[in-house]
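Please view the sequence and the model below, then read the notes by topic.

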Amino acid sequence: MLIHQTENFNLSLPPLPLQRPLLLIGHGTRDTEGRQTFLDFAEAYQALDHSRPVVPCFLELTGPTIQEGVERCIKQGYTDLSALPLLLFAARHNKFDITNELDRAREIYPQLKFHYGRHFGISPLIFELWKTRLAELDRPDIPRSETVILFVGRGSSDPDANSDVYKLARMVWEGSGYQTVETCFIGITHPRLEEGFRRARLYQPKRIIVLPYFLFTGVLVKKIFDITAQQQEQYPEISMTCLPEMGIQPELLQLLRDREIETQLGQVQMNCEACKFRLAAVSGDSHSHDHHAHAHAHHDHSHDHGHAHEAVDPYADPQQYHQRIWQAP
């Protein structure tokens, strides 16, 4: 079911320069609720403008796949496509995995032309969304000066993407009046969520607000809620509130429109300077990939990155993590 009806958004979208179909690519999840929310988001975006098809698909874990999305466009007679990753930060999935799938589609259908857009990144629209969400949680009995924000990212093996989480957390906190902000992650990188709670408690706050920086619900978001509930039970003297994921919001629909227009105008800009894959390539690392370019149009690497074995955490030990993190796979 579409939870947020588009007619309630009062959102005015600028016209598209071209009537080019949009291949909207999500990460993918085994969580049925998370999968459906992504599809509802695509439906809400389509409902705002029926001048071209919006074709949702997923990188992994569920369907329809990217290849199936491409084939759907081809069956409708399209060979010139905009492709947008519905991802918050530019990490390996954005830089390699998705583009690798697009390359595979071109091998099957040489007539295809993709215009690959950029991730959401750090945007004033997202910044304002979280400011509004936090303002709704204000309580007269516990001031912001006695409240710590615990900002929780997904976690990545790309240091560049992880650093963006810290940057956005700082921007949300700056000038907010909260006591401080602690940044942590639910997986892969460090500090993990449990360590984030430990650090937050060092300030002896009366309240901790947990902010999961996720677009949609899923296994990891629900894990954050579960850990927060455990922490609340363990430390009942501290009030703990866990915000929900962003979900289907007009700010995100507007941001998606901006990204789509960028692909149509050829104005896509990616941050490559601090990318470990680029650094490995320019250093002549034998494990790097010759296809890494600022346009991010052609990449080639294995798509096998172990999501079927998530119970085994290769980065559980911080020392192991630091030894491996700048190695390009």
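Ring pairs join F38, F41, F58 and F216 into a cluster; rings of Phe, Tyr and Trp (its six-membered ring) count as a pair if their centres lie within 6.5 Å. The model is predicted, so local features need pLDDT of at least 70 and side-chain atom pairs count only at pLDDT 80 or more, while totals for chains, interfaces and linings use all residues. Residues are numbered from 1 along each chain as its sequence is written, and side-chain values use heavy atoms, with hydrogens and water left out.

**Aromatic pairs**

- By the ring rule, the count comes to 7 aromatic pairs.
- The ring centres of W130 and Y213 are 6.3 Å apart and their planes stand at 45 degrees, so this pair is tilted; planes under 30 degrees apart count as stacked, over 60 as edge-to-face and the rest as tilted.
- W130 belongs to helix α4 (residues 124-135) and Y213 to the loop between β7 (207-212) and α7 (219-234), so the pair ties together parts that are 83 residues apart in sequence.
- Helices (H or I, at least four residues) and strands (E, at least two) are DSSP runs, numbered from the N terminus.
- W130 is buried, with a relative accessible area of 0%, and Y213 is also buried, at 2%.
- Buried means under 20% relative accessible area, exposed over 50%, and partly exposed in between (1.4 Å probe, protein chains only).

**Charges over rings**

- R133 lies over the face of W130, at 5.6 Å from the ring centre.
- R201 lies over the face of Y235, at 3.9 Å from the ring centre.
- A charge sits over a ring if NZ of Lys or CZ of Arg is within 6 Å of the ring centre and within 35 degrees of the ring normal.

**Helix α2**

- The buried residues in α2 include I66, Q67, G69, V70 and C73.
- Seen down the axis of α2, its buried residues fall within an arc of 160 degrees (taken from the directions from the helix axis to the C-beta atoms), so they line one face of the helix.
- Among the elements covering these buried residues are β1 (22-26), β2, β3 (80-85), α3 (92-108) and β4 (113-116), where contact means heavy atoms within 4.5 Å.
- G77 follows α2 and has a positive phi, near 95 degrees.

**Residue T62**

- T62 is found in the loop between β2 (54-58) and α2 (66-75).
- At 18% relative accessibility, T62 counts as buried.
- Not counting residues up to four places away in sequence, T62 touches G28, T29 and R35.
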